[in-house]
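Please read the following note alongside the sequence and the structure. The points are numbered so that each may be checked in turn.

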Amino acid sequence: MSEIFTKRAGKWRLGTLLPLGAALSGMALAAETPPAAEANEEIVLKDVKVKAARDKKNDGFKADTASTGSKIAMPIRDIPQSVSVVKKELIQSQNAFNLRDALKNVSGLTIAAGEGGRTGDSITLRGFSANSDQYLDGVKENGQYSRDTFFLERAEVLKGASSILFGRGTTGGVINQIFKKPTGKNQVIGDFTYGTYDFKRSAIDAETAYDKLSARLNLMWQDSDSFRDYNFNNRWGIAPSFLLKITPDTELSMNLLHQEEDGVFDYGVPMYQGKPAGVPINIYYGFPDNRMLDTDVNVGTVALSHRFNDEFSVKNTVRYGEYDRKYLTHLFGSVTDTGLTSTVARTQALRGNRQENLYNQTDFVLKRPLFGFGNTLMFGAEFGWENYDFKSKNSTGVPSISIFNPVLTPSVGAGLATDFSGTLATDRYTETRTYAGYLMDQFELSPEWKLLAGVRYDVFSAAQNDRLNNANDFARIDRQWNPRAGIVWQPTKAQSYYFSYGTSFNPSAEAYSLSEATNTLPPEKNRNFEIGAKYNLFGGRLAATAALFRLEKTNARTASATNPDLTVLSGEQRTDGFELGLSGEILPRLDLSMTYAYLDAEVTKSNSTAVGTVSGQTKSLQGMIPVNVPRHSGVTWLSYHLTDDWEIGGGVFYSSERHTDTVNEVTLPGYARLDAVVAYHQKHYDVQLNVFNLTDTVYYESGQTRSALPGVPVSGQLSVRLKF
């Protein structure tokens, strides 16, 4: 097949970083000037003691605004959709160094094990996969890697179908990371952590400003072992950001992210008779001398914004991302019971993927009254391309291993896949292009009533080049309209009620793969109906939210009823749900973040079947609960400041059972994990002790049909923060 797009050659590298100076900021005490004194008169002032009080404006878990529910930052109470915000204060309190740990605070979101060739952060949101729905400051950032939080101000999650804002995907919602940007301060903050399993981590956040230029630099280094045998994780990253005020109305911002990681591909312990095998959670079933997972990530963003006047403004953002990942998999196969022993088959493959993204977004905002009513018009366009290169080579001669008495062999010998020469299992290159335009309007009928409506038009094209079989070269173009509408009623400043409707679409090539069965299929379509309430209590110190929703996939891919070898769009999947949230100060000095989600998810119509790994029987997918969707889940986290110096806190992470296979024969048990924190705060330093899984509960964070990844046992970390 002829190439539809020209492949970009060369490898982008981060430019030389500008050196950043860090200045020590001083504290100024304003005092009332005494009356003028006569000449030579001695003036004696009383001693004044100053004690820095806790800044409640910055220390709370409550967020008032979000930039993910619209193209501009808006009060959360004005957004007719459920929005969860995980602020850096909550991230720091929990020592959530990975994004997936921070996102555990989001209702309706669960962490999954990577499926197929996908690794890195794998997320399910409201019962639907959100693997490709990762964004950074509102622009797509969907590479496969484990995201750190060292460069994040906070994480925002918009729930429900949202293609009007973000294009393809976004069925269950989107995860939008907010980059730490310059604030104009002169300060340096250093964090140093040591924990069990030889966990070592250092991070620096430095800021400076000079005239019209301000800069910020975040650095991170981490070196740790694991409670899992033969596991380790080495990671480092650098994330500078700059802000240049060209004129009072024009700003140029730039941020860069470089992150490298070296670790182990490990999906945990095998499943046995439909549940995780009853073995110690530290047991490793792979090859001690064949462990490799290397990641190299570079992301650069430049944004230029200009305000023409008080009513009209424009922002143009350009994002380039490069993601390189090479790893040796270790996956489990079928289980064999002989009566004397139980063994599990194993497979191993060398995989490599390289992804390049380039996106350009232009957003206009016009705030001008219409017919005498307040009105905000937002419109713009997006262009993007993504190139994805994936190779896989299988190791041969991989032996089975005993489940309950494993003996590790040093290697698979001559069959080990060490490079991509010879026979490959997969060698595929895919290019996608996105062209889109959107129009949204927020109209204020009165101070109490607001309407939000809009539409987006996407053209999404994909071309696949299978280097092993030209018969698998496919290309297609999808064109899709996606509307959104919502109404907000705010009878008082403390109350906000809303109803919203939104749609999204999932093209066949969304995950960079086309097949003979899918290359002729139009996109799957989704719609979200939601009604909710948002309250500000106790004078605005505490925010309460509630949402009732139905999320439907109306034409899911499924086997044909007349020819099982064909795929058609006649399936259906639905999630009915209810969410609750509380964040803020419930009592003086007592901060709370609480979320709860009830999800009733079901494949309501399907012709597809699968063979159960426990029963061995062929079953229909219709009526089954989708993979990785617990019916009940939630997090409660409390932080109580005994004094201005001492803080204690902790919380519970809870999930009911989840199925990890499509026919619901394999289950991860439910769990409740208890964590705690004690901290001592001073002006120039903090000391913090975090203890995880206080009760040493055995639980499993994620799983697949044949494997389960255990969660951390009782452990601790001691952190010291220096502030200048």
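Predicted model: local features only at pLDDT ≥ 70, side-chain atom pairs only at ≥ 80, totals over all residues.

1. An open sheet is built from 3 strands in the order E20-E21-E24, and the pairing is antiparallel. Strand E20 (331-337) and strand E24 (401-402) each have a single partner strand and stand at the edges, so one side of each lacks a neighbour in the sheet. Between E20 and strand E21 (residues 342-347), which run antiparallel, there are 5 bridges. Aspartate 337 has serine 342, in E21, as its bridge partner.

2. The surface carries a nonpolar patch formed by Leu213, Leu244, Ile246, Leu252, Met254, Val302 and Leu304, and the accessible area of these residues together is about 500 Å². Two or more residues of the patch come from each of strand E14 (232-247), strand E15 (250-263) and strand E18 (293-307). Leucine 213, for its part, belongs to strand E13 (residues 213-225). This leucine 213 counts as partly exposed because its relative accessibility is 38%.

3. How many salt bridges does the count come to? The count comes to 50 salt bridges. In general terms, side chains of opposite charge can pair when their charged atoms come close. Three of these pairs are described in the next points.

4. Aspartate 249 and arginine 307 form a salt bridge through their side chains, at 2.7 Å from N to O.

5. Are arginine 456 and glutamate 382 buried or exposed? Both arginine 456 and glutamate 382 are buried.

6. Arginine 467 makes a salt bridge with aspartate 389, and their closest N and O atoms are 3.1 Å apart. Distant parts of the chain are linked by this pair: arginine 467 sits in the loop between E26 and strand E27 (474-489), aspartate 389 sits in strand E23, and the two are 78 residues apart. Arginine 467 is partly exposed, at 33% relative accessibility, whereas aspartate 389 is buried, at 13% relative accessible area.

7. Salt bridges can also be followed as a network. Lys88, Glu153, Lys180, Asp205, Glu207 and Arg216 are linked in this way.

8. The aromatic rings deserve a separate point. The whole structure contains 27 aromatic pairs. In one of them, the ring centres of tyrosine 135 and phenylalanine 166 are 4.6 Å apart and the planes stand at 55 degrees, so the pair is tilted. Tyrosine 135 belongs to strand E7 (residues 134-136) and phenylalanine 166 to helix H4 (residues 163-166), so parts 31 residues apart in sequence are tied together. Tyrosine 135 is buried at 1% relative accessible area, and phenylalanine 166 counts as buried at 6% relative accessibility.

9. Tryptophan 637 and phenylalanine 653 also form a tilted aromatic pair, with 6.3 Å from centre to centre and 55 degrees between the planes. Tryptophan 637 is in strand E35 (residues 632-641) and phenylalanine 653 is in strand E36 (residues 646-655), 16 residues apart. Tryptophan 637 is buried, with 1% relative accessible area, and phenylalanine 653 is buried, with 6%.

10. Two of the rings already named have a charged residue over the face. Lysine 71 lies over the face of phenylalanine 166, 6.0 Å from the ring centre. Arginine 673 lies over the face of phenylalanine 653, 4.9 Å from the ring centre.

11. Finally, a cluster of rings should be noted. Phe308, Phe312, Phe364 and Phe379 are linked into this cluster by ring pairs.

Notes:
Residues numbered from 1 in each chain as written. Heavy atoms only, no water. Patch = residues over 30% accessible without salt bridge, like charges linked within 9 Å, V, L, I, M, F, W, Y side chains within 5 Å. Areas by Shrake-Rupley, 256 points an atom, 1.4 Å probe, with all protein chains shown as cover. Salt bridge = Lys/Arg side-chain N within 4 Å of Asp/Glu carboxyl O. Helix = DSSP H or I, 4+ residues; strand = E, 2+ residues; numbered from the N terminus. Buried < 20%, exposed > 50% of the residue type's maximum accessible area, 1.4 Å probe, protein only. Pairing = 2+ DSSP bridges. Phe/Tyr/Trp six-rings, centres within 6.5 Å; stacked < 30°, edge-to-face > 60°. Lys NZ or Arg CZ within 6 Å of the ring centre and 35° of its normal.
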